[in-house]
Amino acid sequence: MSDAVSVVWDDAYLGYTWGGDHPMHPVRLDLTMRLADTLGVLSGNRVQVVRPETAGRTC
């Protein structure tokens, strides 16, 4: 079992809002990622930040 962690992130997430007080509000996402980066959470050996890929069509 690996103890590595992948964080899927792209700044494009900040361009979409679920509205109102939703927990995934862009301001909350931005502040969370900035805090994690400032604290060094995202720069550890076991953490990899990856960009999402566009899903392909299977039909």
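Leaving aside neighbours within four places in sequence, which residues is Asp10 in contact with? Here are my notes, starting there; keep in mind that this is a predicted model.

1. **Asp10 and its partners.** Setting aside those sequence neighbours, Asp10 is in contact with Arg51 and Pro52. You'll find Asp10 in the loop between strand 1 and helix 1. Its relative accessibility is 14%, so Asp10 counts as buried, since the cut-off for buried is under 20%. A polar atom of the Asp10 side chain also lies 2.8 Å from the backbone nitrogen of Ala12.

2. **The Arg51 link.** The side chains of Arg51 and Asp10 meet in a salt bridge, at 2.6 Å from N to O. Arg51 lies in the segment after strand 2 and Asp10 in the loop between strand 1 and helix 1, so this pair ties together parts that are 41 residues apart in sequence.

3. Arg46 is in the loop between helix 1 and strand 2 (47–50), while Asp3 is in the segment before strand 1, so to speak a link between distant parts of the chain, 43 residues apart. Arg46 is exposed, with a relative accessible area of 52%.

4. **A local pair in helix 1.** Arg34 forms a salt bridge with Asp30, and here the closest N and O atoms are 3.0 Å apart. Both residues lie in helix 1, four residues apart, which is about one turn of the helix. Arg34 is exposed at 54%, and Asp30 is partly exposed at 23%. Look at Arg34's backbone too: its oxygen is reached by the side chain of Thr38 at 2.8 Å. Thr38 is found in helix 1 and is exposed, with a relative accessible area of 66%.

5. **The nonpolar core.** Which residues make up the largest nonpolar core? There are five: Trp9, Leu29, Met33, Ala36 and Leu42.

6. **A nonpolar patch outside.** Now turn to the surface. Tyr16, Trp18 and Met24 make a nonpolar patch of about 380 Å² there. Tyr16 sits in the loop between strand 1 (5–8) and helix 1 (26–38). With a relative accessible area of 51%, Tyr16 is exposed, because the cut-off for exposed is over 50%.

Terms used. Residues are numbered from 1 along each chain as its sequence is written. This is a predicted model: local features need pLDDT of at least 70, side-chain atom pairs count only at pLDDT 80 or more; totals for chains, interfaces and linings use all residues. Side-chain values use heavy atoms; hydrogens and water are left out. Patches are made of residues with over 30% relative accessible area and no salt bridge: like charges are joined within 9 Å, nonpolar side chains (Val, Leu, Ile, Met, Phe, Trp, Tyr) within 5 Å. Accessible areas come from the Shrake-Rupley method with a 1.4 Å probe; for residues, only the protein chains shown count as cover. A salt bridge is a side-chain nitrogen of Lys or Arg within 4 Å of a carboxyl oxygen of Asp or Glu. Helices (H or I, at least four residues) and strands (E, at least two) are DSSP runs, numbered from the N terminus. Buried means under 20% relative accessible area, exposed over 50%, partly exposed in between (1.4 Å probe, protein chains only). A nonpolar core is a set of buried Ala, Val, Leu, Ile, Met, Phe, Trp, Tyr and Cys residues joined through side-chain atoms within 4.5 Å. A polar contact is a pair of N or O atoms within 3.5 Å; within protein, one must be able to donate a hydrogen and the other to accept it, and residues adjacent in sequence count only if both atoms are side-chain atoms. Contact means heavy atoms within 4.5 Å.
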